[in-house]
Amino acid sequence: MSKTMKQLTAEFGVTRQAIMRKMDDNFRSKYVSKVHSNGASRLIISDDGYKLLKQHFLSSNKAVSNENVSYSNHVTHDSVTNTAMELLEKQLVEKDNQIEKLQQSLSEAHKLLSQQQQLNLSASRQNEKLLDTTTTNTHSQDDRPLQNDDTDVSEPAEGNYKGVENKKPKKGLFGWLRR
């Protein structure tokens, strides 16, 4: 009586992939056939193929029996956990050191900024004092107005004023309108 892959996996207690790994091309050509029904294809293993697979899987299952297996998951779990914890603690210490270095550099930057601000303040105060002293010195030297100031605009200079203005016609695009 031939069986399907689903029946074999249930009977042997293995996965479909495990059965497929045991079937090479020679085995497939002799013992496996493909049947299409209801739009799906199924692999059907003949009786001889079933016996070969049963012999293989049942003998391998007996070699690894669950009765004599000791479970050491707890010990393995603890050792993995301890190793992970040690690694995390090392990383935490390293991060603490990095944070401390960053805080020190930030503190130094604040000190430098404070010093720079104090220097700017003292320089601006000195500039103000210098400006105050120069403006008060110019007024205190001579309180009289200058008598011969050539920069006075109300009186024309000797060489600059002729008494008659010569207007030249402006040249340009619309110069003919001004005539």
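Tutor: Start with how elements are named. A helix is a DSSP run of H or I with at least four residues, and a strand is a run of E with at least two. By that rule, this predicted model has five helices and three strands in its chain.

Student: What pattern do they follow along the sequence?

Tutor: The pattern is β-α-α-α-β-β-α-α.

Student: What makes β2 and β3 a pair?

Tutor: Pairing needs at least two DSSP bridges between the strands. Six bridges join β2, residues 32-37, to β3, residues 40-45. Therefore they count as paired. The two strands run antiparallel.

Student: Which residue stands opposite lysine 34?

Tutor: Leucine 43 in β3 does.

Student: What lies between β2 and β3?

Tutor: Two residues, and the strands form a hairpin. In the turn, asparagine 38 has a positive phi of about 55°.

Student: Why is leucine 173 called exposed?

Tutor: Exposed means over 50% relative accessible area. Leucine 173 has 69% relative accessibility, so it counts as exposed. It is found in the segment after α5 (73-141).

Student: How much of the chain is buried?

Tutor: Buried means under 20% relative accessible area. Such residues make up 12% of the 179 in the chain.

Notes. Residues numbered from 1 in each chain as written. Predicted model: local features only at pLDDT ≥ 70, side-chain atom pairs only at ≥ 80, totals over all residues. Heavy atoms only, no water. Buried < 20%, exposed > 50% of the residue type's maximum accessible area, 1.4 Å probe, protein only.
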